[in-house]
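Work through the exercises below with the structure in view. Each task is followed by its solution in steps.

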Protein chains: 2
Amino acid sequence: MNQPLRTNTFKEYLVAQKKIIDAALDRLLPGDGDCPRSLARAMRYSTMAGGKRLRPILCLAACRTVGGEETDALSTACALEMIHTYSLIHDDLPAMDDDDLRRGHPTLHRVFPEGTAILAGDGLLTLAFEVIAGDRALNDLQARLIMLELSGGAGYSGMVGGQQADLDGEGQDISPEALEYIHAHKTGALLTASVICGAIAGDGNQEDIGLLRRYGRGIGLAFQIKDDLLDIEGESEKLGKTIGQDAKSGKSTYPSIWGIEASREKLDQAIASSLEALKAWGEEADPLRRIARYIGTREK
Amino acid sequence: MNQPLRTNTFKEYLVAQKKIIDAALDRLLPGDGDCPRSLARAMRYSTMAGGKRLRPILCLAACRTVGGEETDALSTACALEMIHTYSLIHDDLPAMDDDDLRRGHPTLHRVFPEGTAILAGDGLLTLAFEVIAGDRALNDLQARLIMLELSGGAGYSGMVGGQQADLDGEGQDISPEALEYIHAHKTGALLTASVICGAIAGDGNQEDIGLLRRYGRGIGLAFQIKDDLLDIEGESEKLGKTIGQDAKSGKSTYPSIWGIEASREKLDQAIASSLEALKAWGEEADPLRRIARYIGTREK
């Protein structure tokens with residue numbers, strides 16, 4: 001049964017959805033007896049380390065919007081979180097961003113051998129597809145369409161392509177077009193896929209899917225602009241750094257290219273475009289509306 | 001149209017099949033305009049670097065055996081080669097086997113930055129699923145069943161699990177059971193999946209699939225025993241090392257555990273079991289029979 005929205009605050013809704021998703025992830029991830037214990041533990045360490053579960057929550061909310069039962073999209077939602085988690089694990093590796101902390105915990109390759117971290121990422125990506133293929137809540141066509149959306153959003157034409165462009169642009173001045181490409185692909189593609197996969201699981205029609213794709217693109221763009229703004233606001237408070245210095249250090253962001261005010265306008269426009277795409281729906285789309293506003297106003 | 005076998009020697013058949021598969025891989029891999037050029041080139045570098053194409057050839061041969069047209073299994077065959085190639089790329093990384101050469105060429109991370117190698121592997125794994133989901137030669141149920149077989153064979157309960165067990169066992173004495181686990185999962189699982197996916201693409205029934213699974217397990221085991229025997233024979237010739245020294249260095253192999261003679265017997269038994277599984281079929285299974293014998297007698 002779909003989680004009621006109006007009787008709860010939005011924060012309570014997010015907490016309740018996260019709890020449902022975490023329980024489902026726990027059921028779907030391998031345990032110690034299913035494969036080498038090190039692999040099972042590494043896959044669980046990163047997936048269960050926390051995170052807002054934004055992609056699975058979007059997936060469930062889109063399923064509800066087109067009239068589906070959220071339970072029908074629950075495994076799909078978990079597959080999206082597995083793909084997101086694998087991308088974080090690989091992105092944090094020494095050969096990529098070389099990060100020590102993720103979601104408030106040491107990164108996977110700081111706790112397990114680096115080879116295990118690579119394999120845990122590979123295992124999560126593969127498991128995402130296994131979960132969809134084996135999901136009894138989906139008919140064969142739905143499973144196939146979700147696979148197509150998921151692989152397109154996650155692969156060379158989506159997330160992996162965006163990560164490669166980000167890697168290629170490291171330490172270089174990049175054009176506004178290159179910045180748009182990186183963000184639209186690295187972050188935007190999987191956010192949009194999350195919405196569309198939920199709509200397919202909820203048996204949405206072609207018109208629903210077209211509108212929700214527009215919604216997804218809007219929140220994807222908004223998410224990234226807000227991220228860049230938070231970076232600057234956070235850094236300004238902590239380090240007293242100005243935007244000019246940020247730009248001089250070669251880090252291209254929305255504010256460094258367009259300035260803070262124009263970036264805030266672009267953020268508002270992206271949110272407005274997302275909300276506009278939902279106007280045909282009534283209260284069944286309220287979670288998607290609240291998520292869009294949340295993306296524009298979140299403080300971390 | 002299925003490639004005739006009887007009019008050609010087996011070697012000519014392998015060459016002809018490889019040519020068909022390479023042309024299809026070339027069509028399915030991204031080009032420079034489809035994603036960052038570095039990513040497209042890295043994905044192509046490793047996939048087109050050569051290799052026997054054993055998995056896709058098995059897939060096509062299994063499709064033919066159950067009465068299907070090999071063209072219906074061609075994209076599936078390519079997906080199998082993409083998964084095999086991704087596993088080699090990640091396995092060769094410094095954090096894993098740290099290999100400099102693969103298929104007679106420098107490994108991907110020696111030619112491209114290591115981060116690009118990781119992403120190219122991720123891109124190939126994801127593309128394999130995109131290819132299946134988008135393959136018009138398959139109906140929705142076939143696509144779903146192939147996805148399930150492929151993800152099971154490639155993931156934590158298959159290939160990735162075997163690679164993790166191999167990594168965990170490095171530099172340690174491992175039991176015969178652990179050796180069986182590593183080989184059955186690291187190599188055997190994807191070889192078996194190759195046969196089964198071909199049978200599904202060729203619309204094989206449950207009985208066909210059961211028999212071909214037995215065939216796949218037999219050749220998977222034979223492949224690994226033969227690999228171990230070739231290692232020893234090759235090393236003996238080149239280095240004058242004895243098996244006893246191999247065992248003392250802590251490298252567990254079939255011959256080091258059971259001795260050369262018993263390993264050769266196990267190899268023959270595995271091939272015989274594979275051939276036995278095919279006895280219900282006539283000449284349509286000849287390619288699978290020839291492949292089984294080839295696996296037992298190959299010299300590299």
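**Exercise 1.** How many residues does the contact take from chain A and from chain B?

Solution. This is a predicted model, in which local features need pLDDT of at least 70, side-chain atom pairs count only at pLDDT 80 or more, and totals for chains, interfaces and linings use all residues. Residues are numbered from 1 along each chain as its sequence is written, and chains are lettered from A and ligands numbered from 1 in the order in which they are written.

Step 1. Two residues are in contact if their C-beta atoms, placed from the backbone, lie within 7 Å. The contact takes 44 residues from chain A and 44 residues from chain B.

Step 2. On the side of chain A that touches chain B, the elements giving two or more residues are α2 (37-47), α6 (114-133), α7 (140-154) and α8 (159-168) of chain A. Helices here are DSSP runs (H or I, at least four residues), numbered from the N terminus. With 13 residues, α6(A) gives the most to that side.

Step 3. Sort that side by class: 23 residues are nonpolar, 14 polar and seven charged. Nonpolar covers Ala, Val, Leu, Ile, Met, Phe, Trp, Tyr, Cys and Pro; charged covers Asp, Glu, Lys and Arg; the others, Gly among them, are polar.

**Exercise 2.** Find which rotation superposes chain A on chain B.

Solution. Step 1. Superpose by least squares on the C-alpha atoms of residues with pLDDT of at least 70 in both copies. A rotation of 180 degrees with 0.0 Å of shift along its axis does this, with RMSD 0.0 Å. The two copies are thus related as by a two-fold rotation axis.

Step 1. Among the residues of chain A, A:D140 comes closest to the rotation axis, at 2.7 Å (C-alpha).

Step 2. The copies meet through the same surface, because 100% of the interface residues of chain A are also interface residues in chain B.

**Exercise 3.** Describe how α6(A) and α6(B) pack.

Solution. Step 1. The axes of α6(A) and α6(B) (residues 114-133) come within 11 Å and cross at roughly 10 degrees. Axes are lines fitted to C-alpha atoms, for helices over the stretch in contact, with angles from 0 to 180 degrees between N-to-C directions.

Step 1. That makes α6(A) roughly parallel to α6(B), a label for angles under 35 degrees.

Step 2. A:D122, A:L125, A:T126 and A:F129 meet B:D122, B:L125, B:T126 and B:F129.

How values were computed:
Angles under 35 degrees count as roughly parallel, over 145 as roughly antiparallel, 65 to 115 as roughly perpendicular and the rest as oblique.
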